[in-house]
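Please read the following points beside the model. They are intended as a colleague's notes for a reader who is new to protein structures.

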Amino acid sequence: TQYETVTTEEALDRWIAEARHQGFVAIDTETDCIDCIIAKLAGISLATQPNKACYIPVGHVGGDLYSDAPSQLSAGLVLGKLKPLLEDPAVLKIAHNLKYDWVMFAKAEIEVAPYDDTLVMSFDLDAGRSNHGLDELAQAHFEHECIAFKSVCGVGAKQISFDKVPLDVATEYPAEDADICLRLWQRLKPRLAEEGSTRVYEMVDRPLVATIGRMERRGVKVDRDYLARLSGNFATDIAALEQRVHEAAGGPFTIGSPQQLGQVLFDRMGLAGGRKGKSGQYSTDVNELERLAGEGVEVARLVLDWRQLSKLKSTYTDALQEQINPETGRVHTSYSLSGAQTGRLASTEPNLQNIPIRTE
């Protein structure tokens, strides 16, 4: 590979000049965590040709308390020099899942434009593909296995954030990402016109990348005090329901245990129609409980109510309070442009699209 670690102004200027000269450049950012709202920039990679890429470290630190930060350019200097390039209307910026990089640059008051996003291209061309990640597409299109993140940062208790990876090891990973992204763009871009996907890409999905980036950065305002009150109310109601379930079932048991619930319903209470799965346990899924509730079994109806309140409390009123960003006071969910085959947005971490709205 011809991957270079850029640690001097002269080298940085050379890469910027080359990108300007040819009118396009692939970009990628590396950070200290996956949450772009709170992440700090570790470095930026650029690719100008297949097999020709660089990594510009700006936020690497020592691997431990006793080691010094490596020699690198300051983030302010690098971003200051890159800003005119990243905002230049004559230079196309190419990235995979650009939304993440867009937010990282927006935090430095850089609005990346114009751009192409190879993840969105892949989705518009091959929506049926189960995964549009860069590693998967590199394997599918080039039979190439990308450097694994875990091989660079480790796994489990020994895993380190990317900003702690030594520069000689760190360079190959982001430079390869930019390189593969550029190669993907060269392969996917012509297919848009050939396969009739230009309109949806150019007029719908590509403009959405920056819009969704702004939405994620803005976040969703939530009322912590009201959520806390709801959690308290739910806790009281859940405790009361537990008491009623135990009374109706003829004794206490762990309601949240499908195994114990099944034994209570079909062994202790002798209800008909119990189905056992491969594990030998009775099924107590929502269909089974709704069937029993429809037959007038009070325990089943109460357990359904208990499950609903418990889900609301644990998944929403409790969890959303923990997801509030202390700096912004808002919840910053991640919206995926390729998470659903139908083309709708998908919301994760936290999922704000599954909140029940028809219940009291």
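Predicted model: local features only at pLDDT ≥ 70, side-chain atom pairs only at ≥ 80, totals over all residues.

1. Val200, Met203 and Val204 together make a nonpolar surface patch of about 260 Å². In a patch, residues have over 30% relative accessible area and no salt bridge; like charges are joined within 9 Å, and nonpolar side chains (Val, Leu, Ile, Met, Phe, Trp, Tyr) within 5 Å. Accessible areas follow the Shrake-Rupley method with a 1.4 Å probe, and for residues only the protein chains shown count as cover. Val204 belongs to helix α9, residues 198-218, and counts as partly exposed because its relative accessibility is 42%.

2. Residues are numbered from 1 along each chain as its sequence is written, and side-chain values use heavy atoms, with hydrogens and water left out.

3. The secondary structure comprises 13 helices and 10 strands; helices (H or I, at least four residues) and strands (E, at least two) are DSSP runs numbered from the N terminus. The protein is more spread out than a compact globule, because its radius of gyration is 26 Å, well over the 21 Å that the globule rule gives for 360 residues. That radius is taken over C-alpha atoms, and the rule is 2.2 Å times the number of residues to the power 0.38. The C-alpha trace spans about 80 × 55 × 35 Å along its principal axes.

4. Of the 360 residues, 44% are buried. Buried means under 20% relative accessible area, exposed over 50%, and partly exposed in between (1.4 Å probe, protein chains only). The largest nonpolar core has 65 residues, of which Ile27, Leu46 and Leu82 touch the most other members. Helix α8 gives the largest share of this core, nine residues. A second, separate core has 27 residues, including Ile255 and Trp306. A nonpolar core is a set of buried Ala, Val, Leu, Ile, Met, Phe, Trp, Tyr and Cys residues joined through side-chain atoms within 4.5 Å.

5. Is Thr171 buried or exposed? Thr171 counts as buried because its relative accessibility is 4%. Thr171 is found in the loop between α7 (167-170) and α8 (172-194). Leaving aside neighbours within four places in sequence, Thr171 is in contact (heavy atoms within 4.5 Å) with Tyr3, Glu4, Thr5 and Tyr55.

6. The structure holds 23 salt bridges, each a side-chain nitrogen of Lys or Arg within 4 Å of a carboxyl oxygen of Asp or Glu. One of them joins Arg20 to Asp88, with the closest N and O atoms 2.4 Å apart. Arg20 lies in helix α1 (residues 9-22) and Asp88 in the loop between α2 (75-86) and β5 (92-95), so the pair ties together parts that are 68 residues apart in sequence. Arg20 is partly exposed at 36% relative accessible area, whereas Asp88 counts as buried at 15%.

7. Arg275 and Asp285 also form a salt bridge, their closest N and O atoms being 3.8 Å apart. Both are partly exposed, Arg275 at 42% relative accessibility and Asp285 at 34%. Salt bridges with shared partners join Arg275, Asp285, Glu288, Arg291 and Glu295 into one network.
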